[in-house]
Amino acid sequence: MGLALAEAQKAFDLGEVPIGAVLVMDNQVIASGHNMRENWHDSTAHAEVIVIREACQKLSRWRLTGATLYVTIEPCPMCAGALVMSRVDKLVYGSPDYKAGAVESLFNIVQHSALNHQLEVTAGVRDEECSRIMKEFFRMRRK
């Protein structure tokens, strides 16, 4: 989660919503990234999607079985769906997102029994730090 927080800081420094993600397999970082929606003018450029795309390219496959994704904020519906569709095994996230969270706050896409894949989930890892960078970012934007 420390690496994901470092990615979130990169997003913060670029004026992006500070969310960072890291994908790990066999204790090795395969991909890391942060939100880039504003800079890339791309509504799909969420940290999770960027990391999934990078990992698929590096591994030359679309199935990411055996992978764990660490992300600072609870994934939205788009990202939760991408995690399911890419067959990531485990999701570890920091803070909940009560406005768009699709793991526990509003929906639970990643563990929905009607889907053909479900993820193991660990929530609340370094929650305070993950929440703090988001709060600081939006506090600064309001000024």
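1. **Where Glu48 sits.** Glu48 belongs to helix α3, which runs over residues 47-59. The model is a predicted one, so read every value below as computed from it. UniProt places the feature "active site" at Glu48, in an unreviewed entry. Treat that label with some care, because such annotations may be inferred rather than shown by experiment.

2. **Glu48: buried or exposed?** Glu48 is buried, because its relative accessibility is 3% and the cut-off for buried is under 20%. What does Glu48 touch, once neighbours within four places in sequence are left aside? The contacts are Ala21, Leu69, Val71, Ile73, Pro75 and Cys79.

3. **Glu48 and Glu38.** Compare the two distances for this pair. Along the sequence, Glu48 and Glu38 are 10 residues apart. In space, their C-alpha atoms are 15 Å apart.

4. **Leu69, a partner of Glu48.** Leu69 is one of the residues in contact with Glu48. Leu69 lies in strand β3, residues 67-73. Its relative accessibility is 0%, so Leu69 counts as buried. Leaving out residues up to four places away in sequence, Leu69 touches Ala21, Val22, Leu23, Glu48, Val51, Leu83, Val88, Lys90, Leu91 and Val92. Leu69 and Val88 are 19 residues apart in sequence, yet their C-alpha atoms are 7.3 Å apart in space.

5. Now look at the loop between α4 (77-85) and β4 (90-95), where Ser86 is found. Ser86 has a relative accessibility of 5%, so it counts as buried. Beyond its neighbours within four places in sequence, Ser86 is in contact with Ile52, Trp62, Arg63, Leu64 and Thr65. Ile52 falls within helix α3, given the 47-59 range of that helix.

6. **Arg87, in that loop too.** Arg87 lies in the loop between α4 and β4. Is Arg87 buried or exposed? Arg87 counts as buried, because its relative accessibility is 17% and the limit is 20%. Its contacts, with neighbours within four places left aside, are Trp62, Arg63, Leu64, Thr65, Asn116 and His117. Trp62, Arg63, Leu64 and Thr65 are also listed for Ser86. Arg87 and Gln118 are 31 residues apart along the chain, and their C-alpha atoms are separated by 8.0 Å.

7. **Two residues with positive phi.** His41 has a phi near 55 degrees, a positive value in a residue other than glycine. His41 lies in the loop between α2 (37-40) and α3. With a relative accessible area of 73%, His41 is exposed. Arg126 is not a glycine, but its phi is positive, at about 55 degrees. Arg126 sits in the loop between β5 (120-123) and α5 (127-142). Arg126 is partly exposed, with a relative accessible area of 38%.

8. UniProt, in an unreviewed entry, gives "domain: CMP/dCMP-type deaminase" for residues 1-104. That span is 37% helix and 25% strand. Its end C-alpha atoms lie 19 Å apart.

9. **The whole chain.** How many helices and strands does the chain have? It has 5 helices and 5 strands. In sequence order, the pattern is α-β-β-α-α-β-α-β-β-α. The radius of gyration is 14 Å, close to the 15 Å that the globule rule gives for 143 residues, so the chain is as compact as a globular protein of that length. The C-alpha trace spans about 45 × 30 × 30 Å along its principal axes.

10. **Burial, contacts and surface.** Of the 143 residues, 46% count as buried. Take the contacts between residues at least 6 apart in sequence: 55% of them join residues at least 24 apart. The accessible surface of the chain comes to about 7,500 Å². Carbon and sulfur atoms account for 51% of that surface.

11. **Charges.** The chain carries 16 positive and 17 negative side chains. The centres of the two sets lie 2 Å apart.

Terms used:
Residues are numbered from 1 along each chain as its sequence is written. This is a predicted model: local features need pLDDT of at least 70, side-chain atom pairs count only at pLDDT 80 or more; totals for chains, interfaces and linings use all residues. Side-chain values use heavy atoms; hydrogens and water are left out. Helices (H or I, at least four residues) and strands (E, at least two) are DSSP runs, numbered from the N terminus. Buried means under 20% relative accessible area, exposed over 50%, partly exposed in between (1.4 Å probe, protein chains only). Contact means heavy atoms within 4.5 Å. The radius of gyration is taken over C-alpha atoms; the globule rule is 2.2 Å times the number of residues to the power 0.38. Accessible areas come from the Shrake-Rupley method with a 1.4 Å probe; for residues, only the protein chains shown count as cover. Lys and Arg count as positive and Asp and Glu as negative; His and the chain ends are not counted. The place of a charge is taken as NZ of Lys, CZ of Arg, CG of Asp or CD of Glu.
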